[in-house]
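Hi,

Here is the structure I promised to pass on to you. Please have a look at it first, and then read my notes below.

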Amino acid sequence: MNKYIYSIYSMISSIILIFLGKSSNLVIFGSKHGASYNDNSRFLFEWIHHNRPEIKCIWITRKDEILEMLEINGLSCLNMFSLRGKIALKRATVGVISYSLRDIAPNPIDVPNSIKIIQLFHGQCVKAVRFAIKEGLTDNEIKERRKEAELVSYAISTSGFMSKYWEKCVQFGLNKHVTTGYPRNDCLIRIPKKHSNMWSKYLKAENNEKTILYAPTWRHGREPTKFFPFKDFNKDKLVDFLEQKNTILLLRPHKNDLNKHQEIRLFLEDLANSKRVKLATHTIFDDVNSILPFVDILMTDYSGLYHDYLLMNRPMIFIPYDYGEFESKSGFLYDYNNNLPGPAVDSFEKLQFELENIINGTDNYLKPRKTLRDKIHKYRDSSSCERVADLVKNLLPTIQ
């Protein structure tokens, strides 16, 4: 949008605010800097829409396709660059985000100091982020994060254990952290019918004994992620193994890796030529939690995804091939190796061995998984949306 027009919109919205004031029951939602409709924000937005009609909810986006999709489904949505979007930002009493203030505004400086923010996050993980990362933040990142910290009223968490470590990352003040569980994890416990239908459509009536999801973390743009980073990796042996075990392997690279590194895309597309290997990218499944209930084995490294997966108490295998480098540049919030809820492998032969054990029914990590699960998750039910909705309600003066 033209900067001149956007400035005029900002001025008009400020004038309208003088006459109309704040809207006492208006809550705006956003995610992924306005570019996606996903994560904790989406699950809470839809839950409140269906269960708390007294609360006026509007999704804020920068994408016309999201705006059109939500309007077709009867959900309120505004473009953050539009005049109506600017007015909603100024008049809202509460803003709900999963990434940063850019979820609801083009620039953090556009977010009024009068709004009360609930930060849902897009995952609490073992790896250090934000202020806890060893490489540090840029001056601009620090400025943005400080403003976010000032506006946040509540920061949700999955447990007191995680709140303690996560405060090192966000520096909101420990008193702002509230243990509710993650809205996006409700669907792991109570599977929505639309997720089951979507999964069935994806499989196209294929009958597989097991489903494996391979989903490594993003490495903050330092190096592209390596899939199957083993000297002894053999594509044909992998496909033969999957065929023998009547198992399907899903590959889910991080969106940033897929967009920036052609070699990753070509490598994964080559693997996916087999009927036993399928891509499960963000384009196919924007929210990975929508398919987690149908996954029997998770393969990952330091991704916060394995924290969510703990709720289902299913086997995991870890491939921390760059642990030393990751520890020196990013760091970890708690002891990674001593809390692993599954075996760590450093060769294709070991990976096959561990997969063989799991598929044949041998599970050697039941106790470590339960131990870590109990640290990470206070709640293991499907009521996280309801608990977070109560926090929203607490911040709305006319809805008590």
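Predicted model: local features only at pLDDT ≥ 70, side-chain atom pairs only at ≥ 80, totals over all residues.

Residues are numbered from 1 along each chain as its sequence is written, and side-chain values use heavy atoms, with hydrogens and water left out.

Let me start with the open space. A pocket here is an open set of points on a 1 Å grid over the protein atoms alone, with protein on both sides within 12 Å along at least five of seven lines; a cavity is a set of points where a 1.4 Å probe fits but cannot get out, and lining residues have an atom within 4 Å of a point. Grid points are joined across faces, edges and corners, and a volume is the space filled by probe spheres set on the points.

The largest pocket has about 1,500 Å³ of volume. It is lined by 47 residues, of which Tyr99, His122, Trp218, His254 and Asn256 are the closest to its centre. Helix H5 (139-151), helix H10 (255-260) and helix H12 (305-309) are the elements that give two or more residues to this lining, and H5 has the largest share, with four residues. For the classes, Ala, Val, Leu, Ile, Met, Phe, Trp, Tyr, Cys and Pro count as nonpolar, Asp, Glu, Lys and Arg as charged, and the others, Gly among them, as polar. On that scheme the lining of the largest pocket has 14 nonpolar, 17 polar and 16 charged residues.

The largest cavity holds about 80 Å³, and of its 13 lining residues Pro343, Ile358, Asp363, Asn364 and Tyr365 are the closest to the centre. Helix H14 (residues 348-359) gives the largest share of that lining, three residues. Its classes come out as six nonpolar, four polar and three charged. The second largest cavity holds about 50 Å³; its lining includes Thr158, Tyr182, His377 and Arg380, and divides into three nonpolar, five polar and three charged residues.

Next, the packing. In soluble globular proteins, nonpolar side chains tend to be buried together. I call a residue buried under 20% relative accessible area, exposed over 50%, and partly exposed in between (1.4 Å probe, protein chains only). A nonpolar core is a set of buried Ala, Val, Leu, Ile, Met, Phe, Trp, Tyr and Cys residues joined through side-chain atoms within 4.5 Å. The largest one has 94 residues, with Leu44 and Ile118 making the most contacts inside it. A second, separate core of 25 residues includes Tyr214, Ile264, Ile297 and Val345.

Tyr214 also brings us to the rings. Rings of Phe, Tyr and Trp (its six-membered ring) pair if their centres lie within 6.5 Å; planes under 30 degrees apart count as stacked, over 60 as edge-to-face and the rest as tilted. The count is 26 aromatic pairs. Tyr214 and Phe228 pair edge-to-face, at 5.0 Å centre to centre and 75 degrees between the planes. Tyr214 sits in strand E8 (residues 210-214) and Phe228 in the loop between E8 and helix H9 (235-244), 14 residues apart, and both are buried. Phe318 and Tyr336 are edge-to-face too, at 6.5 Å and 85 degrees. They are both buried, and they belong to a cluster linked by ring pairs, along with Tyr302, Tyr306, Tyr323, Phe326 and Phe332.

Finally, two backbone details. Arg130 has a phi near 50 degrees, a positive value in a residue other than glycine; Arg130 lies in the loop between strand E5 (116-119) and H5 and is buried, at 12% relative accessible area. Gln171, also not a glycine, has a positive phi of about 55 degrees. Gln171 is in the loop between helix H6 (160-170) and strand E7 (177-179) and counts as partly exposed, at 33% relative accessibility.

Best wishes
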